[in-house]
Each structure stands twice: as structure tokens, then as C-alpha cells.
Amino acid sequence: MLLLAKAENGLVVPSRQVVHLAAEVQTLFDYYDAVAEEKHLQFRLESDGEVSADRLMLRLALGNLLSNAVRHSAVNTTIQVNIWSSADAISIAMKNTGDTIPAEYLDRVFDRFFRVDPSRQRSIEGTGLGLAITKSIVLAHGGKTAASADGVTTFTISLPRVA
């Protein structure tokens, strides 16, 4: 909550360094491997890129996305992470097959305490803050977040390229 409050008031100042995204994603794959194994999930990573970012903050943002992907993936599926670059940004897309998000909720998934399934408001499956924290971290780095669901749920982070 403190991170969110600081971010809303422009008080989050990332301590920037060059971060190799594939290495950060692989570290998170290693961390979540045991949980993924219980659901017979596979991890797949394609490509790499570098950004100027606060490594720990970025790891938290990506970890929130991967945690959600593991939690909501169907058994025996693959969580796919793609990294690509455009002229002005490096993007990371995390995709999973499983619980989908209805289109009418996609613009709200990064809101504090928002849950697609209201019946889980008091469940132990998280606080409803992970995606809000992810968005705050990405915005503090000058980036953007997006979500889509068309049979596959995809969360995308776009960050400015290393100058």
C-alpha cells in the first residue's frame, strides 16, 4: 500500500541500472518452478531485451504477473513470455491459457482491489493489489501496461528502451 500511495504522489524514484529482461524472467521461472510443477505447467521464454530500470521493482512487477499466470493457468498448459523491441520501447508479454477475463473487465484489472470474480474478495488467493502495484512500478519507469483476453490471457508491460 505504501508503494501505491507513493506512486500516486510521484514519490517513487527508481534506482536505475541496465536490466537484462530474459535473465530476470528466468530467475522468476526458477522461483515459481515448484508451484508450476504441481499444475504440470511449462514455462517458455522467447527473446531478450535491456531496459534501464530498478531491478528489484521490475522483478516485483514481473513476479506479480507470473504469480497470476501460474494461479490462473489451466493444468498441463504453457506460460509464454515474449520480449520484443520497437523503436522506442521494450515490451514483455506474459500469456497463459486458463481462466479468462471478460472483455468488460480488461480496463479495470490494474485497479486496486479489483477482482474479476467478486466471490473471491475474501479468499486467501491474494489481496487484489498485485496488478495495481505492477502498474505503479511500470508508470514510475515511464512505461505502460495492457491486458487482453481472447482465449489466452495476456498482460503486457512496455518500458522505454535503454538510451
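The dialogue below goes through confidence, the sheet, the helices, the core and the salt bridges.

Tutor: Begin with the ground rules. This is a predicted model, in which local features need pLDDT of at least 70, side-chain atom pairs count only at pLDDT 80 or more, and totals for chains, interfaces and linings use all residues. Residues are numbered from 1 along each chain as its sequence is written, and side-chain values use heavy atoms, with hydrogens and water left out.

Student: What is the mean pLDDT of the protein chain?

Tutor: pLDDT is the predictor's confidence in each residue, from 0 to 100. Here the chain has a mean of 84, and 79% of its residues reach 70 or more. Over residues 118-124 the pLDDT is below 50, and this stretch has 6 contacts in the model beyond near neighbours in sequence; a contact means heavy atoms within 4.5 Å. Where pLDDT is low, the predicted coordinates should not be read in detail.

Student: In what order do the strands of the open sheet lie?

Tutor: Strands (E, at least two residues) and helices (H or I, at least four) are DSSP runs, numbered from the N terminus. Two strands pair if DSSP finds at least two bridges between them. The open sheet has 5 strands in the order E2-E4-E5-E7-E6, and the pairing is mixed. Strand E2 (42-46) and strand E6 (144-149) are at the edges with a single partner strand each, so one side of each has no neighbour in the sheet. From one strand to the next, the twist averages 15 degrees.

Student: How many bridges join E4 to E5?

Tutor: There are 6 bridges between E4 (residues 78-85) and E5 (residues 89-96), and the two strands run antiparallel. Val81 has Met94 of E5 opposite.

Student: Which strands does helix H3 touch?

Tutor: For angles, axes are lines fitted to C-alpha atoms, for helices over the stretch in contact, and the angle between N-to-C directions runs from 0 to 180 degrees. H3 (residues 55-72) packs on the sheet and touches E2, E4, E5 and E7 (153-160), with its direction at about 20 degrees to that of E5. Helix H4 (residues 130-140) lies across E6 and E7, at about 25 degrees to E7.

Student: How many residues are in the largest nonpolar core?

Tutor: In soluble globular proteins, nonpolar side chains tend to be buried together. Buried means under 20% relative accessible area, exposed over 50%, and partly exposed in between (1.4 Å probe, protein chains only). A nonpolar core is a set of buried Ala, Val, Leu, Ile, Met, Phe, Trp, Tyr and Cys residues joined through side-chain atoms within 4.5 Å. The largest one has 37 residues, and Val51, Leu58, Leu66, Ile92 and Ile157 have the most contacts inside it. H3 gives the most to this core, with 8 residues.

Student: Which residues are linked in a network of salt bridges?

Tutor: A salt bridge is a side-chain nitrogen of Lys or Arg within 4 Å of a carboxyl oxygen of Asp or Glu. The structure holds 2 of them, and they link Glu24, Arg55 and Arg59 in a network. Between Arg55 and Glu24, the closest N and O atoms are 2.5 Å apart. Arg55 is in H3 and Glu24 in H2, so this pair ties together parts 31 residues apart in sequence. Arg59 also meets Glu24, at 2.7 Å from N to O.

Student: Is Glu24 buried or exposed?

Tutor: Glu24 counts as buried, at 3% relative accessibility. Arg55 is partly exposed at 24%, and Arg59 is partly exposed at 27%.
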